[in-house]
Amino acid sequence: MNNYLIMLGSNFTDIRQLLNLTQEDLAKKMGVSRPTIVKIEQDPSRLTKTLAYAFFVSISYEIKKRIKEVKEINPSAYKSPDSLNTYIKVISGTSLLSAGTIAATASRSLGAVLPGIGVAIATAAGIKWGLKALKGNVKKEVEQKIKWDEEKAKKVLEEVQKKLLEDKTRLLSYLELSSLDISQFVEKINNNEITEEEEQ
């Protein structure tokens, strides 16, 4: 028996949801079937060392990749009102955060998101009042209010980066680690191995 593996298995669902992954997504990343993930989530004691290693490598890579790719987004490449929607979609696709989460995250520092980005977020989220769905005078009015504000666009990106770093901190907390270091993870597993003699 391994107490750390059982704890990790107990946190499988929370970690998966933190990273906005479905059971199918996680299964593909780990190279296992969806039923394997379901079984672990239903019974944490089914998590083996081999599966734990695959899980750790998958989720570590995932969060690091998102942080790196969001840092590489250049707001200057999305200066026209027409590309605001693309800008939000790129942030959402890279971070795997929903447009609604991006809006909520951005509003923490901006108070209110600039009109153009607000409409772009709504459009990216498929909200029916997104720019494409607006009609007649209302659409013209909104289009006139859309102005590219690179400083605010950068702020949106900064807030998404902060959110991803917060997610990484929460992930480390779930894993009971100080860093996403494989050797630290292996030590944690090895140090929590209980032999049959110790159990008795």
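What share of the contacts in the protein chain with a separation of 6 or more is accounted for by residues 24 or more positions apart? In this predicted model, such residues account for 71% of those contacts, where contact means heavy atoms within 4.5 Å. Local features were taken at pLDDT of at least 70 and side-chain atom pairs at pLDDT 80 or more, whereas totals for chains, interfaces and linings use all residues of the predicted model. Residues are numbered from 1 along each chain as its sequence is written, and side-chain values use heavy atoms, with hydrogens and water left out.

The protein chain contains twelve helices and zero strands. Helices (H or I, at least four residues) and strands (E, at least two) are DSSP runs, numbered from the N terminus. Of the 200 residues in the protein chain, 42% are buried; buried means under 20% relative accessible area, exposed over 50%, and partly exposed in between, with a 1.4 Å probe and protein chains only.

The largest nonpolar core has 43 residues. Such a core is a set of buried Ala, Val, Leu, Ile, Met, Phe, Trp, Tyr and Cys residues joined through side-chain atoms within 4.5 Å. Leu8, Ile15 and Leu175 touch the most other members. At least two residues of this core are supplied by each of α1 (3–10), α2, α3, α4 (34–42), α5, α6 (84–95), α10 and α11 (182–191). Helix α10 gives the largest share, nine residues. Leaving aside residues up to four places away in sequence, Leu8 touches Ile15, Leu47, Ala52, Phe55, Leu175 and Phe185.

Helix α5 (residues 49–71) has 23 residues and reaches 33 Å from its first C-alpha to its last, close to the 33 Å expected at 1.5 Å a residue. The expected span is 1.5 Å times one less than the number of residues in the helix. Buried residues in α5 include Leu51, Ala52, Phe55, Ser58, Ile59 and Glu62.

Two packed helices are described by the angle between their axes and the distance between the axes. The axes of α3 (residues 23–30) and α5 come within 9 Å and cross at roughly 105°. Axes are lines fitted to C-alpha atoms, for helices over the stretch in contact, and angles run from 0 to 180 degrees between N-to-C directions. The two helices are therefore roughly perpendicular to each other, a label for angles of 65 to 115 degrees, with under 35 counted as roughly parallel, over 145 as roughly antiparallel and the rest as oblique. Leu26, Lys29 and Met30 in α3 meet Leu51, Ala54, Phe55, Ser58, Ile59 and Glu62 in α5.

Arg16 lies in helix α2 (residues 12–18) and is buried, with a relative accessible area of 10%. Beyond residues up to four places away in sequence, Arg16 touches Leu21, Thr22, Gln23, Leu26 and Glu41.

Helix α10 (residues 150–175) has 26 residues and reaches 37 Å from its first C-alpha to its last, close to the 38 Å expected at 1.5 Å a residue. Glu176 follows α10 and has a positive phi of about 55° although it is not a glycine. Glu176 is placed in the loop between α10 and α11 and, at 43% relative accessibility, counts as partly exposed. Leu96 also has a positive phi, near 60°. The place of Leu96 is in the loop between α6 and α7 (99–110), and Leu96 is partly exposed, with a relative accessible area of 30%.
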